[in-house]
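Subject: Structure handover

Hello,

Here is the structure you asked for, with the sequence. My notes on it follow below.

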Amino acid sequence: GGGDGEDAPWDAPLAFATCESHRLTSAEGLRYKLLVSLPLSYRREPASPGHETTYPVIYVLDAEPYLFPLIAVAARTNHFFMRTRWHPDFIVVGI
């Protein structure tokens, strides 16, 4: 949760190398953590002129400590989505 003032949860390991952790501070001084899991292709595929690659985003509310890693693992496990017709790369944001 935000505003708890404890540093230990901020340093928990992330699920993948493509995960990022960002700290935000509200105008009231409350600290929050924003977790982002990027698709593997996000940094590998440079955007060609006139063609921007876009990705759908899944927002995971109340993401720590278990929900964000669970969704990030599911998002990056291709065989999980190969059984369906819909399996694009997407960005996972934990709030």
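Helices and strands here are DSSP runs, helices of at least four residues and strands of at least two, numbered from the N terminus. By that count, Leu61 sits in the loop between β3 (57-60) and α1 (67-76). Please keep in mind that this is a predicted model.

Strand pairing

With β2 the pairing is antiparallel, over 3 bridges, and Val36 has Val93 as its bridge partner in β4. With β3 the pairing is parallel, over 4 bridges; here Ile58 is bridged to Val92 of β4.

Nonpolar cores

The largest nonpolar core has 9 residues: Cys19, Leu35, Val60, Ala63, Phe68, Ala72, Ala75, Phe90 and Val92. Helix α1 gives the most to this core, with 3 residues. Another core, of 5 residues, lies apart from it and includes Val36, Leu38, Ile91 and Val93.

Leu35, one of the residues of the largest core, belongs to strand β2. Its relative accessible area is 4%, so Leu35 counts as buried; the cut-off for that is under 20%. Between Leu35 and Ala63 there are 28 residues of separation in sequence, while their C-alpha atoms are 8.2 Å apart in space.

Ser37

Strand β2 runs over residues 31-37 and contains Ser37. Is Ser37 buried or exposed? Its relative accessibility is 0%, so Ser37 counts as buried. Setting aside neighbours within four places in sequence, Ser37 is in contact with Thr18, Cys19, Phe68, Ala72, Arg76, Phe90, Ile91 and Val92. Among the members of the largest core are Cys19, Phe68, Ala72, Phe90 and Val92, while Ile91 is listed in the other core.

Surface

Back to Leu61, in the loop between β3 and α1. Leu61 has a relative accessibility of 60% and therefore counts as exposed, the cut-off being over 50%. Leu61 is part of a nonpolar patch on the surface, together with Val57, Tyr59 and Ile95. The accessible area of these four residues together is about 420 Å².

Regards

Methods. Residues numbered from 1 in each chain as written. Predicted model: local features only at pLDDT ≥ 70, side-chain atom pairs only at ≥ 80, totals over all residues. Heavy atoms only, no water. Buried < 20%, exposed > 50% of the residue type's maximum accessible area, 1.4 Å probe, protein only. Contact = heavy atoms within 4.5 Å. Patch = residues over 30% accessible without salt bridge, like charges linked within 9 Å, V, L, I, M, F, W, Y side chains within 5 Å. Areas by Shrake-Rupley, 256 points an atom, 1.4 Å probe, with all protein chains shown as cover. Salt bridge = Lys/Arg side-chain N within 4 Å of Asp/Glu carboxyl O. Pairing = 2+ DSSP bridges. Core = buried A, V, L, I, M, F, W, Y, C linked by side-chain atoms within 4.5 Å.
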